[in-house]
Amino acid sequence: MTHLWVRAEQRDHEERVGLTPEGVAKLMDAGIKVTVEDSTSRCIPTDRYAETGATIARENSWPTAPDDAIIFGLKELPEDGTPLPHRHIMFGHAFKGQPAGRILLERFKAGGGTLYDLEYLVDGDNRRVAAFGYWAGYAGAAVALKCWIAQQKGQIAGAVSAYPSANHLLADLQSDLVGTGTHRPTALIIGALGRVGTGAADLCTAMGVPTTRWDMAETAHGGPFPEILAHDIFFNCILARPGTPVFVPESALHLPRRLSVIGDIACDPDSDFSPIKVYDRTTTWNAPALRVHQARPLDVTAIDNLPSMLPLESSQDYAGQLLPSLLTLTDLEHGVWKRAKDTFLNALA
């Protein structure tokens with residue numbers, strides 16, 4: 001019997017989950033055994049999962065799960081160097097040359113396990129079957145706006161935290177904006193037609209931020225892109241990949257610019273293909289803004305688990321997208337799971 005083991009997340013500020021209790025019930029009806037770890041941080045209480053009849057396991061006990069269990073989580077595993085013998089479904093961030101990703105692949109190689117990377121679960125037309133992109137864009141735009149608001153007060157943005165809902169987030173932003181009067185920054189989004197860009201645009205619209213929206217047509221010439229420097233905020237909503245043009249070169253730090261905040265929502269600073277060349281590391285919930293130039297100030301915000309700022313809404317959305325694929329876990333040799341495994345094997349080689 002196919003056995004899906006839903007692990008607790010072990011990263012700080014991570015309350016999301018990729019499977020709701022309603023989804024557990026549907027998997028069990030399809031003949032799939034489901035174990036759900038207890039969690040002190042998950043946005044959906046463990047009791048809700050217990051009510052489905054799923055097995056409840058001790059928090060963070062997945063290393064001792066049966067060998068045939070498929071371990072399902074979202075964010076990274078503890079970086080303890082241990083071999084990984086299980087099959088894992090997660091965001092591995094391991095296929096674009098990232099240093100930490102190479103270490104993760106070595107752990108899979110040592111243990112004989114398999115990574116089904118959530119970013120590379122694609123349908124027959126090579127489109128992702130599920131993504132957190134919309135909520136990443138929405139939350140990422142909110143954090144960038146917080147960075148801009150802090151600059152108006154001569155400050156650097158302070159710590160951010162999760163919200164019970166998008167309405168709570170909007171109310172908090174409205175309160176923060178009170179000190180800026182009617183003035184609003186201008187923003188430019190690259191990747192505006194995608195999930196991430198749509199989320200960023202919707203947040204900007206809700207907050208009255210005038211927004212220029214670009215996609216592939218506007219960036220096809222490969223750059224340079226002086227228009228980015230003419231806006232207050234720039235949102236990168238395009239995943240780094242071979243052929244992605246450089247949107248903000250290192251030289252931009254020394255050019256005349258209005259730009260004061262970069263929201264790198266795609267957040268691949270250690271990828272060889274990153275289009276933002278003025279920073280080299282992610283930012284955190286406790287320190288969301290990285291100041292890369294003092295006068296005129298330029299802050300970069302690049303938090304790599306942005307949807308967790310709205311954990312319940314983003315979890316419900318993502319879980320609904322992913323469930324049809326999880327229902328096919330009984331056949332790992334075809335379809336989305338076979339394609340994901342092939343991608344892993346190619347990276348491992």
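The lining of the second largest pocket comprises seven nonpolar, three polar and four charged residues, where Ala, Val, Leu, Ile, Met, Phe, Trp, Tyr, Cys and Pro count as nonpolar, Asp, Glu, Lys and Arg as charged, and the others, Gly among them, as polar. The model is a predicted one, in which local features need pLDDT of at least 70, side-chain atom pairs count only at pLDDT 80 or more, and totals for chains, interfaces and linings use all residues. Residues are numbered from 1 along each chain as its sequence is written, and side-chain values use heavy atoms, with hydrogens and water left out.

The second largest pocket holds about 170 Å³ of space. Here a pocket is an open set of points on a 1 Å grid over the protein atoms alone where a 1.4 Å probe fits, with protein on both sides within 12 Å along at least five of seven lines, and lining residues have an atom within 4 Å of a point. Of its 14 lining residues, Lys146, Ala150, Ala157, Gly158 and Asp176 are the closest to the centre. Helix H4 (133-152) and helix H5 (166-177) each give two or more residues to this lining, and H4 gives the most, with three.

Definitions and conventions:
Points joined across faces, edges and corners; volume = space filled by probe spheres on them. Helix = DSSP H or I, 4+ residues; strand = E, 2+ residues; numbered from the N terminus.
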